[in-house]
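Hello,

Here is the structure you asked about. Please open it alongside this email; my notes follow below.

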Amino acid sequence: MSRIGRSPIPVPSGVTVALAGDSVTVTGPQGSLARRLPEGISISQDGDVLTVARADDERRHRALHGLTRSLVANMVTGVTQGFAKELEIVGVGYRAIARSADALELALGFSHPVVVDAPEGVTFEVPSPTRIVVRGIDKELVGQVAADIRKIRKPEPYKGKGVRYSGERVLRKAGKAAK
C-alpha cells in the first residue's frame, strides 16, 4: 500500500468537493479546480476527509495511487491558500517591469524586450525590478509558467547571469586559465 496514497486529505471549512464519476471538482475561496481521475483510482468523501483508493495491486494502479492523492491535496491547498513561485533576475541591466497583473516585460540582454502574458488563473507581481512572483491556484500551471520565464534566459555557468528560482544555487565554472 502506498504510504502517500493511503493518507487522508483533510477538507477545510469553506471548501466543497464534488465527485462525479471519474472527475473531482474542488471549489474554495480562491476559485475552482477540476481534474479527471485515472482509470482504476477512486475517491470517497467521509465528512470533511477525502480518501483515495485503487482498484487492485496492478503496477499501473500502484504508481497512480500516491500521485492522485498528491494532486487532489494540491487542489485543496490551491483553492484555500494558492501557490507562488519566486524568480530572481541576475545581471547588469536585466530587469522586469509589470505591464499589468497578467503581463510582464523582461529586459534580459536581447535587442528587444520580451513580453510574457500570463495564462488564465496566473498573475505576476514585481516587488523589485530583479524579482518576479508568479501566483495562482493551480500548482502545475504556476510551476510551468515560472519554468517558461526561466527558460527565456537560463543562468549561465560563468558569471551566473540570467533568471533563476529564488534560492537556486548555480554551479559556477572557472574561466580561462592564464598562461
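Val122 is buried in this predicted model. Its relative accessible area is 4%, and under 20% counts as buried. Val122 sits in strand S11. Setting aside neighbours within four places in sequence, Val122 contacts Val134, Arg135, Leu141 and Val145. Asp48 is 74 residues away from Val122 along the chain. The C-alpha atoms of Val122 and Asp48 are 28 Å apart.

**Helix H3**

H3 covers residues 139–152. Does its length agree with its residue count or disagree? With 14 residues at 1.5 Å a residue, H3 should span 20 Å. The C-alpha atoms at its ends are 21 Å apart, so the two agree.

Which residues of H3 are buried? They are Val142, Val145, Ala146, Ile149 and Arg150. These residues take up an arc of only 140 degrees around the axis, so they lie on the same side of H3. An α-helix has 3.6 residues a turn, so residues three or four places apart point the same way.

**Ile89**

Strand S7 also holds Ile89. Ile89 has 5% relative accessibility, so this residue counts as buried. Its contacts, leaving out neighbours within four places in sequence, are these:
- Tyr94, Arg95 and Ala96 are among them.
- Leu106, Leu108, Pro129 and Thr130 are also among them.
- Ile132, Gly162 and Val163 complete the list.

Gly160 is 71 residues from Ile89 along the chain. Their C-alpha atoms are separated by 9.9 Å.

**Two histidines in helix H2**

H2 runs over residues 59–80. Both His65 and His61 lie in H2.

Is His65 buried or exposed? His65 is buried, at a relative accessible area of 0%. What does its side chain reach? It reaches the backbone oxygen of Val52, at 3.0 Å. The side chains of His65 and Arg54 are also joined, by a polar contact of 3.2 Å.

His61 is buried too, with a relative accessible area of 8%. A polar atom of the His61 side chain lies 3.5 Å from the backbone oxygen of Glu39. Not counting residues up to four places away in sequence, His61 touches Glu39, Gly40, Ile41, Arg54, Ala55 and Asp56.

Strand S2 (residues 16–20) and strand S3 (residues 23–27) run antiparallel. Five bridges join them. Ala18 stands opposite Thr25 in S3. S2 and S3 make a hairpin, with two residues between them. Gly21 is in that turn and has a positive phi of about 65 degrees.

S3 also pairs with strand S4 (residues 32–36). That pairing is antiparallel as well, over five bridges. Here Thr25 stands opposite Ala34 in S4. How many residues lie between S3 and S4 in their hairpin? There are four. Gly31 is in the turn, with a positive phi of about 155 degrees.

**The S1-S6-S5 sheet**

Three strands form an open sheet, with antiparallel pairing. Their order is S1-S6-S5. S1 (9–10) and S5 (41–46) are the edge strands; each has a single partner, so one side of each is left without a neighbour in the sheet. S1 pairs with S6 (residues 49–54) over two bridges, in the antiparallel sense. Ile9 stands opposite Leu50 in S6.

**Confidence**

How confident is the prediction? The mean pLDDT of the protein is 93. Of its residues, 99% reach 70 or more. Which element has the lowest mean pLDDT, and which the highest? Helix H1 (residues 3–6) has the lowest among the elements, at 88. H3 has the highest, at 97. Where pLDDT is low, the predicted coordinates should not be read in detail.

Best wishes

Methods. Residues are numbered from 1 along each chain as its sequence is written. This is a predicted model: local features need pLDDT of at least 70, side-chain atom pairs count only at pLDDT 80 or more; totals for chains, interfaces and linings use all residues. Side-chain values use heavy atoms; hydrogens and water are left out. The expected span of a helix is 1.5 Å times one less than its number of residues. Buried means under 20% relative accessible area, exposed over 50%, partly exposed in between (1.4 Å probe, protein chains only). The arc is that of the directions from the helix axis to the C-beta atoms. A polar contact is a pair of N or O atoms within 3.5 Å; within protein, one must be able to donate a hydrogen and the other to accept it, and residues adjacent in sequence count only if both atoms are side-chain atoms. pLDDT is the predictor's confidence in each residue, from 0 to 100. Two strands pair if DSSP finds at least two bridges between them. Contact means heavy atoms within 4.5 Å.
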